[in-house]
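Welcome, and thanks for taking a look at this one with me. Here is a short briefing to read alongside the coordinates.

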Amino acid sequence: MDELSQDDALDAGIIVEQLRSLVAEGRNEYPRTWMPRATYEDLVVDDGREPIHLLESLHYLHRHWDMANSRICKGIGWGPKAIVQRVLSRIVNGAMSHYFAEEQEFRSNLCRAIDAIAYRVDNINYADQRALLGAVRGDLIDLARHVEHRLDAGANGS
Amino acid sequence: MAAISVAPRPRTRPVVAIVTRFWGETQNEAAAATRLLAGALARHADVAVVQLDEAGRATYADSVFEVHRVPVRGANRRRSALLRAALAGRVDPSGLPAAAAALLRRYEGRAPDVLGTLDAIAPDAVVLAGVHQPWDVATLGVPGDGRRPRVVTIPFLNAGRPLPAEVARLVAPADLVGTVHPGERAPLVSLAPERAPDIVPVDLAIGVNRHATADPLVGVAAYGEYVLVVRRFPAGGPRLVRAVRAEMLPPILHGLSVAEVDGETWRICNAHNTAVLPVNPSHVNFARLVARARATIDVRPPGPVGAIAIESMLLGVPVVVPGDSAAQAHVAAASGGLWYRDVGELFDAVRVLVSSPIGATLARQGRAYAQAKHGDNDAFVARTATLVLGPAFALPEPRG
C-alpha cells in the first residue's frame, strides 16, 4: 500500500485488487490481525440469524490470544522493587519458557479451530438456506411445467 | 393529496408522462430518483405520473405533479418476489421455461388501464421508470414510427431482480435508455448491442447541504475523529440484520471513534464509551455527520442508485461500499473509495483508508468526480429535459 500512496492519482480498483492479493498471500501466516471470512450473501438479506463469525466474543478472542508481551515484566523505574521484578521475571520466563511456548501454540491452535468451526457453521447455515431456496425454485418450476402441460392438454382437447 | 378532476388544458408546454411503480409512500432510492427526474422535468414540461399500484384508480395532485393512480390487477407481490428470487438463481436466466415466465407475469399482475390513461394525457414523451411495467408497452411502437411520443426507458437494473427478457421488452420501444450508474451500461449493451449509442447516463444531481462541514453535529466533538457506519438511512429504508456494527471497528482503527446511523438511532463510540446522539435523524444532520467523518462505510442492502456514496464523495469523504452494487459502480468510476465482498474486506478497506494517505487522495478524486457528474442541479435539469424531450427541444426559461 505504501508505494500506492505516493501516486498523484489512484485507481481504486487496483487498490482493492492489491488488498485482496495481500490477504491471499498472508492467508497461511498466523498470527495476523483476524478478520471474519466471506459469507456476505444477498440471499440472506432478511435473515434474522446472525453469522457466528460476527460474534463480539470471537473478535475479542482473536484480538487477545497473543499474550507474549504480557509476560515480559519491564518494571517501572530503577528502584529495588522494579529491579527485583525484572530479575524474577527473567528467572520465571527462563524456567517456564518451554511451557509458555507450548501454551502460546495451544492458544494459537485454539483460535484457528474456533475460527474454522465458526466458518463451517456459517457455511452450513447458508447452505441450508440455499438448499431451501433451490427446493422452492424447483417446486415452482415443476409447477410451471405442470401448468404448461395442462394448458397444452386443454388446448389439444378443445 | 386532494382528489381533483383533470380538465383539458392549453398546451403551452410539452407534456411528459412518467409510468412507474416507484411513487407514493414508498421510501427507497428508486422512488427518490424517479421524483428527482420528475422534478427536473417539471421545470420545462407539465409532468403527469402514471402510478402503478395495487390500490384503486384515483387522480390527485402531488406537488406540481398530476398523478394518475392506475390499478395493477391480480398482482401477488410476495409470490412474485419469491419466484423472482428463485429464478434469479438459475445459471442462465435467459433460458427460462416459458411457463415459469408466464407464471411470473401472472404474479406481477396486469395494468391494462395504462393505455387509456396515456391516451387521455396525450404526452409528448413517455418515461418508463423501472422494469415493472405490466401493460402492453409494445403499443408504444418502436423508434422511427411516425407520430408517436418519444419514449425513454430508465430501467433501474439494481432494483429487484429484473430478468433479461423483461429489460429487453422495455428497451425495444425506447428512443433512449437512461442509466443511473455506470455499471448499468454493460448489461444493457449485451442485451441489445445495436442500441449501444442510445444508452446514455442520466447522472442524477444529488443535493447536499454545502454548509454541513462548517456546522458539526451536537455530541460528536468529544469523540474526536470518527468513521461513519450507515446501517439504515433514511429511517424507513432497508436494513441488514447481520451487518457490521460500530462496536466491531474501534479495535482496528487505532484510536478513531465510530459513529453509526441506524434508522432513528444514531450513536458514536470508541474503545471505552458509547453515546446516543440526541439529534433529529434528518438529511441535514446526516450530511453534517458525513462531512466530518474520515470515511463513510455503507453496510445497507445495496440500492439501485448509490445516492449516499455520491453524497459522501460530494462532501469530500471517501466511501467503503458493497461490491457489485450501484454504489460500487460510482466509486470505481470515481476512484473515490473502496469496496468489499465480505466483512473481512470491509475491515481491510477501512484500515487502509484511515491509516494511509490513500484515503485523502481517494477523497479528492471522489469529490472531483461527484462535483462534475452529480453536483450541478441546473446542468442536470437541462440534461434531463434534452434526454426526455429530445435534442430538438429548445429550452425555454424555467418557470418560477
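Which strands of chain B does helix H7 (residues 283-291) lie across? In this predicted model, H7(B) lies across strand S9 (226-232), strand S10 (257-262) and strand S13 (296-298), and runs at about 155° to S10(B).

**The sheet in chain B**
- Seven strands make up an open sheet with mixed pairing, in the order S12-S11-S10-S9-S13-S14-S15.
- At its edges are strand S12 (274-276) and strand S15 (337-340), each of which pairs on one side only.
- On average, neighbouring strands of this sheet are turned by 20° against each other, direction ignored.
- Strand S14 (residues 319-322) pairs with S15(B) in the parallel sense over four bridges, and B:Pro322 stands opposite B:Tyr340 in S15(B).
- Helix H9 (residues 326-334) also packs on the sheet, where it touches S13, S14 and S15 of chain B; its direction makes about 140° with that of S14(B).

**A covered helix**
- Helix H8 (residues 307-314) of chain B is mostly covered, with eight of its eight residues buried.
- Among these buried residues are B:Ile308, B:Glu311 and B:Met313.
- Just after H8(B) comes B:Gly316, with a positive phi of about 75°.

**A helix pair**
- Helix H1 (residues 29-41) and helix H12 (residues 377-389) of chain B pack with their axes 8 Å apart, at an angle of about 85°, which means H1(B) is roughly perpendicular to H12(B).
- From H1(B), the contact uses B:Leu37, B:Ala40 and B:Leu41; from H12(B), B:Phe380, B:Val381, B:Thr384, B:Ala385 and B:Val388.
- By class, this contact has seven nonpolar residues, one polar and no charged ones.

Technical notes
Residues numbered from 1 in each chain as written. Chains lettered and ligands numbered in written order. Predicted model: local features only at pLDDT ≥ 70, side-chain atom pairs only at ≥ 80, totals over all residues. Axes fitted to C-alpha atoms, helices over the stretch in contact; angles between N-to-C directions. Helix = DSSP H or I, 4+ residues; strand = E, 2+ residues; numbered from the N terminus. Parallel < 35°, antiparallel > 145°, perpendicular 65-115°, else oblique. Contact = placed C-beta atoms within 7 Å. Nonpolar A, V, L, I, M, F, W, Y, C, P; charged D, E, K, R; others polar. Buried ≥ 20, exposed ≤ 12 C-beta atoms within 10 Å, placed from the backbone. Pairing = 2+ DSSP bridges.
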